[in-house]
Amino acid sequence: MTPNADRFLSDLHALRGFGASGVGKGVVRPAYSEADGAARDWLAGRMEAAGLRVHRDPMGNLFGLAEGPSLLLGSHSDSQPEGGWLDGALGVVAALEVARAARAAGGPPVSVVSFQDEEGRFGVTTGSAVWSGQISLEEADRLTDHAGVTLAEARASMAARAGDFVDPARFRGFIEMHIEQGPVLDSAGERIGVVRDIVGIRDMRITFTGQQNHAGTTPMHLRRDAFQAVAAFNARINERFRNVVTPATVWTVGHVSLHPNASSIVPGRGVFSMQWRDGESDRLARMEAIIRETAEEVAGEMGMDLAFGPMLGLEPVAMDARLRGALEAEAETVAPGRWRVMPSGALHDATNVAWLMPVAMLFVPSIGGISHAFEEDTAEPDLVTGLEVLAGAVARLG
Ligand code: GLV
Ligand code: MN
Ligand code: MN
């Protein structure tokens, strides 16, 4: 079973054309955007040409189904608001190439998936989270993006083409190939990472509401300034996490919105995203308690009303030993001595799919460890090495 590296790279570059940012190889292809829809239509055509039956579910997850029991390969094709060309796209296009190669060689049946909203415009890995029952469709439909659009509104645009959810029992397992999105492989000069486990995540929107007022006439001691509350919360949280976190724990305030966001107005409302990740659920829970206590303390001291949005989260998961073993054996064959077993600090659809079937993941290096940015890139020989390891592992699994 020999995957065609040129056809694979050519498809990967073609997919980059949908939502190309014009800056480096970056893409702007958020879930349910016009570019995302066009990319999914193009992918559906490639699936059909590969002899797969195209199926869209109510979330917009796009499947190319092989007949009978099959191995499922894939990832996602939506991007962050500013994203790279490989995050998700690599796993989908590699899956397509392995499905074609397997079919041509009379190898094991391979189905392909591109999950919807992995990048969390609405939730956290929303498409696969709904498919795997981590969150109900009804609950997910009420989630909003930062502009206040609900998921229900966003997915209505493609509802006419949606069929039912695919029965996961038709798949024997799931393998997701992805870029590492961190510095480990690149700095060690290694070609492949075989994932051992994926960290857990919590994500919550927090709102401080004070009093909007005139920036020239309102004395400092009378202000109820929502920005000052956000800033105080952030400083305290960094201090208080110290006793709880490990060097592998991460937390991020990635989105802040001040209302009305004008130079001469004391902001009346501050809404921000609080996200934290760690390999242990207990630690995630302890961090949540600190976050809630600190926000309440700041609100009390600074005269703010406080609201917490829905708590989104995924638990840490381990990869399946058998699937992982096939990737390890193949990594040693293709890149002897230049691969490692490693954790994933990024979230992936594999986390959700692990509730439905055995899953495994492999990584290729990210140049400079950069991702979720237009600069994201991987050397093409490394992309091809990853493809070969994926194809070889599928052949081993038979
Ligand atoms: C997925 O893109 C993540 O944020 O880890
Ligand atoms: Mn991804
Ligand atoms: Mn991503």
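In the predicted model, the side chain of R277 places an N or O atom 2.7 Å from an oxygen atom of ligand 1. A separation of 2.7 Å is also found between an oxygen atom of ligand 1 and an N or O atom in the side chain of E119. H372 contributes a polar side-chain atom that lies 3.1 Å from an oxygen atom of ligand 1.

E119 has a relative accessibility of 12% and counts as buried, because the cut-off for burial is under 20%.

The manganese ion (ligand 2) is coordinated by H76 (NE2), D87 (OD) and H178 (NE2), with distances of 2.0 to 2.2 Å. The sequence spacing of these donor residues is H-x10-D-x90-H. D87 belongs to the loop between strand 3 (70-76) and helix 3 (89-104), whereas H178 belongs to strand 5 (residues 171-179), so the two residues tie together parts that are 91 residues apart in sequence. Both are buried by the accessibility criterion: D87 has a relative accessibility of 6%, and H178 has a relative accessible area of 1%. The two manganese ions, ligand 2 and ligand 3, are 3.6 Å apart, with D87 coordinating both.

Pocket analysis was applied to the protein atoms alone. The second largest pocket holds about 230 Å³ of space. Its lining comprises 13 residues, of which Q134, I135, M311, L312 and G313 are the closest to the pocket centre. At least two lining residues come from each of helix 4 (126-131) and strand 14 (312-314). Strand 14 makes the greatest contribution to this lining, with three residues. By residue class, the lining of the second largest pocket contains eight nonpolar, four polar and one charged residue.

Key: Residues are numbered from 1 along each chain as its sequence is written. Chains are lettered from A and ligands numbered from 1 in the order in which they are written. This is a predicted model: local features need pLDDT of at least 70, side-chain atom pairs count only at pLDDT 80 or more; totals for chains, interfaces and linings use all residues. Side-chain values use heavy atoms; hydrogens and water are left out. Donors are N, O and S atoms within 2.8 Å of the metal (3.2 Å for Na, K and Ca); water is not among the atoms, so sites may look incomplete. Helices (H or I, at least four residues) and strands (E, at least two) are DSSP runs, numbered from the N terminus. Buried means under 20% relative accessible area, exposed over 50%, partly exposed in between (1.4 Å probe, protein chains only). On a 1 Å grid over the protein atoms alone, a cavity is a set of points where a 1.4 Å probe fits but cannot get out, and a pocket is an open set with protein on both sides within 12 Å along at least five of seven lines; lining residues have an atom within 4 Å of a point. Grid points are joined across faces, edges and corners, and a volume is the space filled by probe spheres set on the points. Ala, Val, Leu, Ile, Met, Phe, Trp, Tyr, Cys and Pro count as nonpolar, Asp, Glu, Lys and Arg as charged, and the others, Gly among them, as polar. A polar contact is a pair of N or O atoms within 3.5 Å; within protein, one must be able to donate a hydrogen and the other to accept it, and residues adjacent in sequence count only if both atoms are side-chain atoms.
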